[in-house]
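Please open the structure in a viewer and keep the selection tool at hand. The stops below follow one after another.

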Amino acid sequence: MRLVRCFAAAVIAVGLGLAGASVSLESAQAQKRGGTLVQITQPEPPSLGSYISTANPVGQVSSKIYDGLLEYDFDLKPLPSLAESWTISDDGKTVTFRLRSGVKFHDGSPFTSADVQFTFMEVLKKVHPRGINTFAEVTAVETPDPQTVVFRLNRPAPYMMSALSGYESPILPRHVFSQGDIRTHQNANSPIGTGPFKFVEWRRGEFVRLDRNADYWKPGLPYLDRIVVRFIGDTGTRAAALEKGEAHVAGFGAVPYNDVKKLEKLPNIQIVTRGYEMLSPVVELMFNTKKAPFDNAKVRQAISYAIDRKFVIDNIWFGFGKPTSGPISSNFAPTGLYSANVTDYNVPDGVERANRLLDEAGFPRKADGTRFEITHDITPYGEEWRRFGEYTQQALAKIGIKANVRYEDVATWLKRIYTDYDYDMSSNHLFNLADPVLGVHRGFHSRFVRPGTVFVNGVRWSDPRSDDLMDRATIEPDPKKRAELYAEVQKIVVDAAPLAWTHEISFATVVDKRYRDVIMSPLGMFSSFDRAWRE
Amino acid sequence: MRGGKLIRYILMRLLQAVPVVLGVVVLNFLLLQLAPGDAATVLAGEAGGAPPEYVEQLRSRFGLDKPVLVQLVVYLKNILLLDLGFSFRNNAPVLGLILDRLWPTLLLMGATLIVSVGGGVTLGVLAAIWVRTWRDHLISVVAVVAYATPLFWVGLMLILVFSIRLDWFPTSGMEDVVAFNEGWKRVVDIAHHLVLPTVTLSLFYLALYARLMRATVLEQRGAEYATTARAKGLTERAITLRHVLRNALLPIVTMAGVQVGALLGGSVVVETVFAWPGLGQLAFQSLFARDFNLLLGIFFLSACVVVLVNLVVDVIYVLLDPRIRVGGNT
């Protein structure tokens, strides 16, 4: 037994040597069919209905089962998927998709324009948490023939073209999901799509099993025979399963950064930071801007200056991040929507500037060295957030603000921040998603001051200038003019600082080196894995 | 005569259990109302930036827009009809969700009970026989260490040593999800996966039983019936095994009854570390998701099991010790 293993190791070593010698040929190397990929998803998804729940773990599973009209490359440019081609009218109010023919759902029935119409008009527009907004301008989806769909829009919606992946807008079979109530549909948990993998079984608390779709419309794909998504509640055990090769891929925070650093040193493990470009989380400190002293812009700016971004990234996020001052992620640089021309809060003399601003704002240091006392609510998302909260407490102490930290569970914290507004300061990270309209506006557009709705404008910021610019950018079809509008938005909100944006997070995906071409899309763990293969 | 009385006693106890369980249900229901936030908030939270219409939709679908008392009455009515309700979060009936988890839970519970009671009793008796020798001290020290070590640490260390270093056991899960074995191979595979979690979960109670058994055996050996036996000329070994052991088992039975209750929901840590698909993890997750229908269902089931186990313990008493009689008027 031991001998056999040594021999196997030798063979692998030789194989690695060869691979090293022919790195440039890697992509040309023949991909092999077969093999099971074990994916770790944490926590277990509550359901598999990605058309009604955008919870992270749901998307990690369902994106293998459902296709979208489009896919995207790493520059966020759309690629054909179920739609072979598309045209947008000059006024931006008509979008026509030519659909692929010969595509079959997992139950054998053909995919047609009627399925697309049903999916958008009856499902995504009505029950998808983000779709309600994204497709608000869509008034009708017409089906002149089985291979053509025409979207009629009330006003142009350029962001819509970024929201058509199988993760964000999964295409459902009409004949299945039109029966009964979509909200409690029995097929939510036994999904039927057109994607590369078919749903086989979900044993709760253990795994979801997905088998290869032999009739997949991409010839020869997928390479893998099976994907098994496992649910392991303990961080240490997740790392152990990856180390031992029992599991092969884990993304987002499934493996904490300190374990990522340890796993990185193992010969069988590769760390990938690509594959989050269409999500782009940006960390922000939230201020209750309707409440003193945070109604004072100078106080907010001072706190933003006091945060040492580099220290936070290096020591709390183990280097997986990038300093920033503004709300839009630098991942949008290729599309021109990101602007670096904003107030830079990440400066070496930040603490001095902060102290000066607080003096000017009328909060001089008292005899005990403090200016005022606040409560800082720590984001209840785990280790690094706790550390970040403690760091914030110390950073505030340096500029004379005494912060008491409070730690609650997720539901309690959400209610406090987004329903009761009963807080001084907190932190969070909002995903930019595929377009600022989808992911950025909600953070500080006054339309998103909505008590009871979470992950929106919890700071209750309202500024007619930035609202107007964002409204114009929403319907501006010309990419260049859109970029100009967003540059202005970024300048205004970064200066007013209703939130202090501190850094972009890079998630780390842990991949077993025997598996190749796993992360091939800006949606990463939310992509279909159709090209992944095992050596 | 005695058999008939016993059956009547059991029926009486079962009847008495109904108001107890209902009381537990009402109390649980009201206690859970104290937790801030509701299932709609959490679901919308996971969705990320859901519009208020969506949250309102969820609330009315879950029946959360009704007054608490109305919700309670509806829930009680359903419980009486043995309808545990629907878990909106999981989009599945509560009963099915619980039953899916029941057999892994029972498997782990059964294996743990056998190992901890068997091992604990054996070690305790041995320690009592070897009292005040180095072997007794060794057993006591090991028991104290096992008693004091946190479970999650033991679990992770076992994984590190026996799974990663020695490669004897899988790290986690209930079966091999790459092979998907069937028939006997699957039974062997599950047994293989069962070893580490059982050992981890058993350690604490094994230590407890060992210490309890040692103390009781030593105490019973000083009892009058033991002296009588000794006067009859029986060997110490025979006295311990035939007379003392039976009497010393009584507190162990009580303890095992308590352990069953604790195991049902209290193995969260071990289930999490070994990714074992048991009820403990389900309860834990549903608490954080404010999935109260599911949580109440688990509580209801646990209450029933605890009541039943108490009854079984009392019956075992009667069988073990003829001096104990059933019924109020002796």
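Begin by selecting β14 and β18 of chain A: these strands run antiparallel and are joined by three bridges. Within this pair, A:K322 has A:E504 of β18(A) as its bridge partner. Helices (H or I, at least four residues) and strands (E, at least two) are DSSP runs, numbered from the N terminus, and two strands pair if DSSP finds at least two bridges between them.

The model is predicted: local features need pLDDT of at least 70 and side-chain atom pairs count only at pLDDT 80 or more, while totals for chains, interfaces and linings use all residues. Residues are numbered from 1 along each chain as its sequence is written, with chains lettered from A and ligands numbered from 1 in the order in which they are written.

Next, colour residues 499–505 of chain A, which form β18. Seven of the seven residues in this strand are buried (20 or more other C-beta atoms within 10 Å of a residue's own, with C-beta atoms placed from the backbone).

Now display the whole open sheet of chain A, six strands with mixed pairing in the order β14-β18-β13-β17-β15-β16. At its edges are β14 (321–323) and β16 (401–407), each with a single partner strand, so one side of each has no neighbour in the sheet.

Finally, select β15 (residues 372–378) and β17 (residues 425–431) of chain A, parallel strands joined by two bridges. In this pair, A:D377 lies opposite A:S426 of β17(A).

How values were computed: Buried ≥ 20, exposed ≤ 12 C-beta atoms within 10 Å, placed from the backbone.
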